[in-house]
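Take a look at the model below. This report goes through its helix contacts, the shell around its ligand and the confidence of the prediction.

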Amino acid sequence: MNLERHRAQQFELTVTDLKQWAYCTRIPYYHHVMPVEIARTYKMQRGRDVEAAVEAMEKRRGFRRYGLECGERRFGVWLHSATLGLSGKLDLLIITEDACYPVDFKDTEGGVRYNHRVQLAAYALLVEENLARPVPIAFVYLVPSRQLVTVPVGVKEREAVTRAVVAMRQVIEQEKMPGPTPVRARCTACEFRNYCADIW
Ligand code: SF4
């Protein structure tokens, strides 16, 4: 690993980092401070397949389910915030005359979780900075149940994003490994479990 190159890159964070930070603060540490090899899993491949299927289905639908009369759909939108030093690729962005609505597809049975909410709030901030239009709410489309869930992106959620960005930068700059998640059930299916010798 070229350490100089790594140090030069480490300050650009992604929305995926944020989502993972909300899940377990150690995961972005592994990615940025001591990058480790992760095998491309079946779940990752399935995620891409599901994304393509939902995109094809979504193109045939109207906007009523979003509570909107009309709009423009953009799929796979790359966004960057110079303010936060944060970037990410949004599954779907709906643009109307006076607002924008981020939509994220989730192939999960467990409903919308806290880390998903943080992720959507981050997309809201990125969209507002890039498109200069307000984001009043966002949506998660739960693929297995075909359920569309409205996700608030208010002050509380936005503050959670900025707090997490600051804390994550500190961990990366100081190269200090955070403690493990207190929710140990998450460790069983974690791609980094082999590196967390202290939890077993
Ligand atoms: S194994 Fe557990 S503590 Fe270690 S990174 Fe994964 S979720 Fe976090």
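**H2 against H5**

In this predicted model, Val15, Leu18, Lys19, Ala22 and Tyr23 of H2 meet Tyr114, Asn115, Val118, Gln119, Ala122 and Tyr123 of H5. By class, this contact has eight nonpolar, two polar and one charged residues. Helix H2 spans residues 15-23, and helix H5 spans residues 114-131. The two pack at an angle of about 150 degrees. Angles over 145 degrees count as roughly antiparallel, so H2 is roughly antiparallel to H5. Their crossing is right-handed.

**H6 joins in**

Helix H6 covers residues 155-174 and packs on H5 at about 90 degrees. H5 and H6 are therefore roughly perpendicular to each other. On the H5 side, the contact uses Arg117, Val118, Ala121, Ala122 and Leu125. On the H6 side, Glu157, Arg158, Ala160, Val161 and Ala164 take part. Seven of the contact residues are nonpolar, none is polar and three are charged.

H6 also meets H2. Their axes cross at roughly 90 degrees, which means that H2 is roughly perpendicular to H6. Asp17, Leu18, Trp21 and Ala22 come from H2, while Val161, Ala164 and Met168 come from H6. By class, that gives six nonpolar, no polar and one charged residues.

| Pair | Angle | Axes |
|---|---|---|
| H2 and H5 | about 150 degrees | 8 Å apart |
| H5 and H6 | about 90 degrees | 8 Å apart |
| H2 and H6 | roughly 90 degrees | within 10 Å |

**Around the ligand**

Which residues are around the ligand? They are Cys24, Arg26, Ile27, Pro180, Thr181, Arg186, Cys187, Cys190, Phe192, Arg193, Cys196 and Ile199. Two elements give two or more residues to this shell: helix H3 (26-32) and helix H7 (185-188). By class, the shell has eight nonpolar, one polar and three charged residues.

The chain averages a pLDDT of 87. Of the residues, 90% score at least 70. Residues 1-10 have a pLDDT below 50. Beyond near neighbours in sequence, this stretch has four contacts in the model. Where pLDDT is low, predicted coordinates should not be read in detail.

**In short**

H2 runs roughly antiparallel to H5. H6 is roughly perpendicular to H5, and H2 is roughly perpendicular to H6. Helices H3 and H7 each give two or more residues to the shell around the ligand.

Note on methods
Residues are numbered from 1 along each chain as its sequence is written. This is a predicted model: local features need pLDDT of at least 70, side-chain atom pairs count only at pLDDT 80 or more; totals for chains, interfaces and linings use all residues. Axes are lines fitted to C-alpha atoms, for helices over the stretch in contact, and angles run from 0 to 180 degrees between N-to-C directions. Helices (H or I, at least four residues) and strands (E, at least two) are DSSP runs, numbered from the N terminus. Angles under 35 degrees count as roughly parallel, over 145 as roughly antiparallel, 65 to 115 as roughly perpendicular and the rest as oblique. A crossing is left-handed if the near helix is turned anticlockwise from the far one by less than a right angle, and right-handed if clockwise. Two residues are in contact if their C-beta atoms, placed from the backbone, lie within 7 Å. Ala, Val, Leu, Ile, Met, Phe, Trp, Tyr, Cys and Pro count as nonpolar, Asp, Glu, Lys and Arg as charged, and the others, Gly among them, as polar. A residue is near a molecule or strand if its C-beta atom, placed from the backbone, lies within 6 Å of it. pLDDT is the predictor's confidence in each residue, from 0 to 100.
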